[in-house]
Every structure is written in C-alpha cells, then in structure tokens.
Amino acid sequence: MSLVLVRIDQRLVHGIVVTQYASSTKAKRIMVVDDEASKDEVQKSVMRLSKPAGTGMSIIDTQTAIKNFGIGKYDSHNVLMVVKEPSTILKLIEGGVKIPEVNIGIVFKSDDSENIVNQVNLNNKQKEDLKKISEMGIPVYFQYVPSNPKEELSKYV
C-alpha cells in the first residue's frame, strides 16, 4: 500500500497522531520526515516511546525518505507520514514520492503567520506551498482529528 496519508503537525508524534490517526489509517509505520528531528537522538527516543505496539517508526531526513520510497522500501507498509512544513512535502514530490493527500493538523503561531482555522496558523510561504501542492491535484485539507470533517484548503486559503 505504501504512503496513505501525510499530516502536517508541528508537534510531530504525539497523542492524536498515535491514538487516532495511526488507527484510522491502519498505519503499520509512522514516519517522521524532518531534517532537524532526524539528527536529534533525544527527540527521536521520546517519539519512539510513544509508538503503538506492532507499529514501526522511522524518523528520517527528507533525502533518506526520497531514497527509501524510490527503492520501494515501504511498498508493503501502510505509512502515515508526519512533517512540520509544507515545504518538506514539496521536496518529497520533487523527489518522486507519490503523496496521496495532505492533512493539515497543527501549525504553531509565529510573528508572520495568521490563524486560519483552529490550531493552524500559516505564513505566506506556507500558504503558497500548500496552494502548489493542491494545484498538483493532491487533496489538501484541514482536520484536527479524524472524527472532524475535512475542510478543504480552498475554503480558507
């Protein structure tokens, strides 16, 4: 099956991802793609402690993800991918990774961002990156938890 969902969540792996999205997507692997987190052994250890029993976890940088998807390493897995930024998704797409859909969950407030929906604050670059992804025909939507309705990007951005 391979990649089933990409979630933008700046907290990366936490309760909602582990208890709700992993089960709703039937994920056999939770994959964090983040260049900084992949080098932080303490952060990686904490995330690994939270993964559900029987679920694999990868915490890798963008280039490793592109390489691994390219060689079919995850073809027999249901993978739930979590990233911090839309720009990471664009790099993955440019590297040949097939993205089925993008779920925007939690993006922290910054000095140059505006609140779009509950828990999501986007700056102009993030908005433009998300529009590019959507224009490629990839569904992009806001959804805090799986039981919430999906709210399409185009409704807000």
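Modeller: Start with Lys 26, which sits in the loop joining α1 (15-24) to β2 (29-33). Helices here are DSSP runs of H or I with at least four residues, strands are runs of E with at least two, and both are numbered from the N terminus. The model is predicted, so local features need pLDDT of at least 70 and side-chain atom pairs count only at pLDDT 80 or more, while totals for chains, interfaces and linings use all residues. Residues are numbered from 1 along each chain as its sequence is written, and side-chain values use heavy atoms, with hydrogens and water left out.

Lys 26 has a phi near 55°, which is positive in a residue other than glycine. Its relative accessibility is 61%, so Lys 26 counts as exposed. The cut-offs are under 20% relative accessible area for buried, over 50% for exposed, and partly exposed in between, with a 1.4 Å probe and protein chains only.

Gln 119 also carries a positive phi, about 75°, although it is not a glycine. Gln 119 is in the loop between β6 (114-117) and β7. Its relative accessibility is 35%, so Gln 119 is classed as partly exposed.

Asn 121 is buried because its relative accessible area is 9%. The Asn 121 side chain makes a polar contact with the side chain of Asn 115, at 3.2 Å. Such a contact is a pair of N or O atoms within 3.5 Å; within protein, one must be able to donate a hydrogen and the other to accept it, and sequence neighbours count only if both atoms are side-chain atoms. Leaving out residues up to four places away in sequence, Asn 121 touches Val 107, Phe 108, Lys 109, Ser 113, Glu 114, Asn 115 and Gln 126. Contact means heavy atoms within 4.5 Å.

Now the charged pairs. The whole structure holds 7 salt bridges, each a side-chain nitrogen of Lys or Arg within 4 Å of a carboxyl oxygen of Asp or Glu. One of them joins Lys 44 to Glu 41, with the closest N and O atoms 3.3 Å apart. Both residues belong to helix α2 (residues 41-50), and they are 3 residues apart, about one turn of the helix. Lys 44 is buried, since its relative accessible area is 10%.

Glu 128 and Lys 131 form another salt bridge, at 3.4 Å from N to O. They are separated by about one helical turn, because they are 3 residues apart in helix α5 (residues 124-135). Glu 128 is partly exposed at 41% relative accessible area, and Lys 131 is partly exposed at 29%.

Lys 150 pairs with Glu 101, the closest N and O atoms being 3.4 Å apart. Lys 150 is in the loop between β8 (140-142) and β9 (151-152), and Glu 101 is in the loop between α4 (86-94) and β5 (102-106), so this pair ties together parts that are 49 residues apart in sequence. Lys 150 is partly exposed, with 47% relative accessibility.

Next, the rings. There are 2 aromatic pairs in the structure. In the tilted pair of Phe 69 and Tyr 74, the centres are 5.0 Å apart and the planes stand at 55°. Both Phe 69 and Tyr 74 are buried. For Phe 142 and Tyr 156, the centres are 5.6 Å apart and the planes are at 85°, so that pair is edge-to-face. It links distant parts of the chain, with Phe 142 in strand β8 and Tyr 156 in the segment after β9, 14 residues apart. Rings of Phe, Tyr and Trp (its six-membered ring) pair when their centres lie within 6.5 Å; planes under 30 degrees apart are stacked, over 60 edge-to-face, the rest tilted. Phe 142 is buried at 3% relative accessibility, whereas Tyr 156 is partly exposed at 32%.

Finally, the whole chain. Buried residues make up 52% of its 157 residues. Of the contacts with a separation of 6 or more, 70% come from residues 24 or more positions apart. The C-alpha atoms fill a box of roughly 35 × 30 × 30 Å along the principal axes. The chain has 5 helices and 9 strands, in the order β-α-β-α-β-α-β-α-β-β-β-α-β-β. Its radius of gyration is 15 Å, close to the 15 Å that the globule rule gives for 157 residues, so the chain is as compact as a globular protein of that length. That radius is taken over C-alpha atoms, and the rule is 2.2 Å times the number of residues to the power 0.38.
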